[in-house]
Amino acid sequence: MKFSRILLTAILTLILLIGAVACSLLTTTQSEELETKIYAYLDEKYPDLEFEIQDYTQDTYTSGRYVFRVFCKTTEIGFEIYQSSFLTTDSYTVTYANREMEKMFLSFFGDSLSEAQIQSIQWFDPYADGNSGYKFRDVDLTQLPHSVSEVKNIHRIALIANDTDGVMQALKTVTEKLNAADVVCDQITFEWLQNDFSVILTTNTFTLNAASEE
C-alpha cells in the first residue's frame, strides 16, 4: 500500500513536470513567432536600420494587442509597436521627428530656457489624427523643418512652472522669443501642473500677442 502511494506520487510529479515543460516550450515558440513577425515588419518598412526588441506585453483584458518596446541601434531611438490581428503600427518616425525638433527648439530658446521654464517640447502628437491610443502617426522624415520658423503647430510645450506668476513669465518669454524670430504658430499647446491639476492651454501666437496679463 505504501509502495502504491509512492508510485502514484511519482507519476503525478512526472505528469506535472511534463506539463510544465510543454507549456514552457509552447510559450517560447509563440514568443519566437511574434518576434519574427515584428522583425519582418521592421525589415520591410525600414530596410536600412537595425532594431532590437527589448520586451513586450499583451493586453489580455480588452484589445488583446501586443505592445513591443523596440530600440533602433542605428539611430539610438526607443519606440513602441502595437500589434494585433488586424493592425501593426509603430512610433519610430514620430519619435524620431519629435526628438530632432525638440533639440532644435531647445537650441532656439537657448539662454531663455530658464525664464521660459520649458521642461520638454513635443512637435507632433504621437498618434495619428482621430486615432489616439490606437494608431501611431507616420512622419516623412525627409520633410523635417530646417528651422523653427517653418513650424506652424506645436503639439505640446510642457512647462516647469507651477504657479500663476511662473506661468505668466514662461508664456511671456516664449512669445517674445517666437516673435523675435518671426515664428507664427496657428496652434500651440502649453501644459503645466498647478494645485495638483494638469492645466492644458491651447492657443496661437496671435492670441498670445493680443492678450493682456489679466
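How many nonpolar, polar and charged residues does the lining of the second largest pocket have, by class? Hold that for a moment. First, a caution: this is a predicted model.

Now the answer. The lining of the second largest pocket has four nonpolar, three polar and four charged residues. Its space comes to about 160 Å³. Trp123, Phe124, Val151 and Ile154 are among the lining residues.

Next, the largest pocket. About 420 Å³ of space lies there. It is lined by 15 residues, and the closest to its centre are Met168, Leu171, Leu208, Ala211 and Ser212. Where does the lining come from? At least two residues each are supplied by α4 (164-180), β8 (197-203) and α5 (205-210). The largest share is from α4, with six residues. By class, the lining of the largest pocket splits into five nonpolar, six polar and four charged residues.

On to the sheet. Four strands make an open sheet, ordered β1-β2-β3-β4, with antiparallel pairing. At the edges sit β1 (51-58) and β4 (88-90), each pairing on one side only. From one strand to the next, the twist averages 20°.

Look at β1 and β2 in detail. Seven bridges join β1 to β2, residues 66-72, and the two run antiparallel.

Helix α2, residues 92-109, lies across β1, β2, β3 (77-83) and β4. Helix α2 runs at about 150° to β3.

Technical notes. Residues numbered from 1 in each chain as written. Predicted model: local features only at pLDDT ≥ 70, side-chain atom pairs only at ≥ 80, totals over all residues. Heavy atoms only, no water. 1 Å grid on protein atoms, 1.4 Å probe; cavity = no way out; pocket = protein on both sides within 12 Å on 5 of 7 lines; lining within 4 Å. Points joined across faces, edges and corners; volume = space filled by probe spheres on them. Nonpolar A, V, L, I, M, F, W, Y, C, P; charged D, E, K, R; others polar. Pairing = 2+ DSSP bridges. Axes fitted to C-alpha atoms, helices over the stretch in contact; angles between N-to-C directions. Contact = heavy atoms within 4.5 Å.
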